[in-house]
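Colleague: I'm new to reading protein models. Could you walk me through a few features, one by one?

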Amino acid sequence: MPTEPDTGYDPELGRKFIFVTGGVMSGLGKGITAASTGRLLANAGFDVTAVKIDPYLNVDAGTMNPYQHGEVYVLKDGGEVDLDLGNYERFLGVDMTSDHNVTTGKTYKHVIEKERAGDYLGKTVQIIPHITDDIKRRIREAAEGTDVCIVEVGGTVGDIEGMPYLEALRQFAHEEDDDDILFTHVTLVPYSKNGEQKTKPTQHSVKELRSIGLQPDVLVGRSEDELEPETKEKIALFCDVPTEAVFSNSDVEDIYHVPLMVEDEGLDQYVMEQLNLDEEALPEAERGNEWRELVTRDREGEIDVALVGKYGLEDAYMSIHESLKHAGIETQTEVDVLWVDSEEMHESGTHRDRLEAADAVVVPGGFGSRGTAGKIEAIRYARENDVPFLGLCLGFQMATVEYARNVVGLDGAHSAEIDPDTPHPVIDLLPEQYDLENLGGTMRLGAHTTDIESGTLAHDVYDADSCTERHRHRYEVNPEYIDRLEEGGLTFSGKAGNRMEILELDDHPYFLGTQFHPEFRSRPDRASPPFVGLVRSVLDLQRHPENEVEI
């Protein structure tokens with residue numbers, strides 16, 4: 001494999017690479033297509049990892065508005081990354097690191113720092129080869145120790161921000177053996193008014209891709225329905241791929257069914273043949289079938305859960321939606337999420353009605369003062385009406401504020417983040433945050449261990465004396481108020497040193513708050529304990545409304 005002497009990577013890192021690009025428009029489902037391919041390869045016995053390339057200039061996703069970009073997903077090492085990394089972890093069942101998210105900010109920052117240090121020995125530093133070399137290095141290092149690395153390029157072909165990455169992939173293909181590289185292109189196949197599937201958007205997208213030196217090996221058509229045989233043949237003819245290399249990715253009831261659909265289409269087998277992996281794969285009779293069994297499991301019950309947030313966008317709370325699904329899978333329950341806008345609760349009877357119609361209430365994390373009054377009101381409603389409740393990060397903090405105000409009697413109690421002049425800052429800034437100047441990457445981030453007190457609801461939920469969950473916060477329960485809160489009846493059942501991590505109430509069917517984000521570790525085959533506990537508490541109340549919950 002030819003390499004430039006100063007690229008800085010080991011050419012033996014990683015074996016097979018699948019590059020996934022998209023055309024026509026963003027949001028087509030490149031990430032789910034890539035994750036589904038990885039899931040099927042893992043079922044066939046291969047070690048699979050993934051890399052998400054985000055061409056934005058941000059170093060990471062930490063300072064982005066969830067309303068614009070979806071949730072900020074947190075990895076175990078504290079990396080704040082694109083939400084597609086969450087899909088990869090959930091589909092592949094692996095824990096990733098921040099090295100698996102490549103951004104323009106990271107790449108340019110690294111190259112500029114090397115230039116300032118004199119590492120380039122007087123050379124003119126340019127996009128080619130220095131930026132493209134760094135991109136290739138990052139991909140290869142992320143792939144180290146695995147059989148297959150799936151690389152998703154964010155955005156669409158033709159975006160100016162993505163051009164250095166596509167050029168890096170062109171070079172990558174030149175440096176690798178043909179059977180070690182596969183290019184998958186996901187594109188839109190819309191319908192005309194007369195119901196005909198139209199291939200012209202796909203043709204133009206592939207033409208754009210080919211103009212920069214990349215020829216797709218596999219084409220995946222996103223459409224409402226499966227691609228018609230004549231549609232596949234037309235795409236194959238005009239895009240210069242075999243007809244058997246054109247696959248459907250039609251609408252499904254749940255994203256976890258996408259691997260089943262593309263498996264039925266034969267995508268996994270075709271990919272393995274093109275990468276010369278078919279002889280190394282497990283025989284079909286021995287391949288893992290757990291995923292299919294999980295996601296098609298029958299549901300015996302149904303519950304409604306109110307999600308009380310301020311971002312009117314499902315992607316902003318994706319991991320919470322998925323965690324509720326996972327809890328539903330484990331308990332064989334259909335979990336319906338009712339969106340409650342915390343800003344609209346006072347003005348809109350619809351959102352108040354949804355809250356009161358729900359069987360359980362979840363108050364998620366967030367930042368800033370907007371919508372917090374509605375969250376506090378929802379928490380009070382759940383507490384006073386014995387509605388199962390789960391508060392996450394800011395939800396945990398607002399539960400502390402609500403209890404301090406309405407039970408302990410601390411008038412005006414609040415978080416110092418939201419009301420700097422509050423007479424009772426029951427939530428205050430972490431001590432190590434006072435002297436920070438930069439916002440990006442400076443919160444308490446990543447996996448930390450919480451010790452759990454025996455004989456508590458939290459201990460029953462986790463069935464353990466400790467748990468390790470991921471964090472993302474700057475504020476905590478003010479140590480000066482802990483004794484007053486506990487004397488008033490609030491139990492802090494999980495702690496990390498002098499930091500309060502879990503709260504609960506004894507005289508409630510299920511009232512639990514966590515400073516951490518348990519949703520980031522939830523998987524279809526490993527549902528998050530706090531979410532499972534929430535769903536089970538509702539089911540228990542449905543069966544025995546006169547009894548307290550048993551977890």
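Colleague: Let's start with C149: is it buried or exposed?

Modeller: Buried means under 20% relative accessible area, exposed means over 50%, and partly exposed is in between (1.4 Å probe, protein chains only). C149 has 0% relative accessibility, so it counts as buried. C239, with a relative accessible area of 1%, is buried too. Mind that this is a predicted model: local features need pLDDT of at least 70 and side-chain atom pairs count only at pLDDT 80 or more, while totals for chains, interfaces and linings use all residues. Residues are numbered from 1 along each chain as its sequence is written, and side-chain values use heavy atoms, with hydrogens and water left out.

Colleague: How many disulfides does the structure hold?

Modeller: You look for a pair of cysteine sulfur atoms within 2.5 Å. Here there are 0 disulfides.

Colleague: And which residues touch the most other members of the largest nonpolar core?

Modeller: A nonpolar core is a set of buried Ala, Val, Leu, Ile, Met, Phe, Trp, Tyr and Cys residues joined through side-chain atoms within 4.5 Å. In the largest one, which has 55 residues, I18 and Y88 touch the most other members. Helix α1 (residues 30-43) gives this core its largest share, 5 residues; helices (H or I, at least four residues) and strands (E, at least two) are DSSP runs, numbered from the N terminus. Another core lies apart from it, with 40 residues, among them F396 and Y481.

Colleague: What does I18 touch, leaving out residues up to four places away in sequence?

Modeller: Contact means heavy atoms within 4.5 Å. The partners of I18 include T37, L41, C149 and V271.

Colleague: How many aromatic pairs are there in the whole structure?

Modeller: Rings of Phe, Tyr and Trp (its six-membered ring) pair if their centres lie within 6.5 Å; planes under 30 degrees apart count as stacked, over 60 as edge-to-face and the rest as tilted. A search finds 12 pairs. Take Y256 and W291: their ring centres are 5.6 Å apart and their planes are at 80 degrees, so this pair is edge-to-face. Y256 is in the loop between β9 (246-250) and α9 (258-265) and W291 in helix α11 (residues 290-295), so the pair ties together parts 35 residues apart in sequence. Both residues are buried. Elsewhere, ring pairs link F17, F19, F172 and F183 into a cluster.
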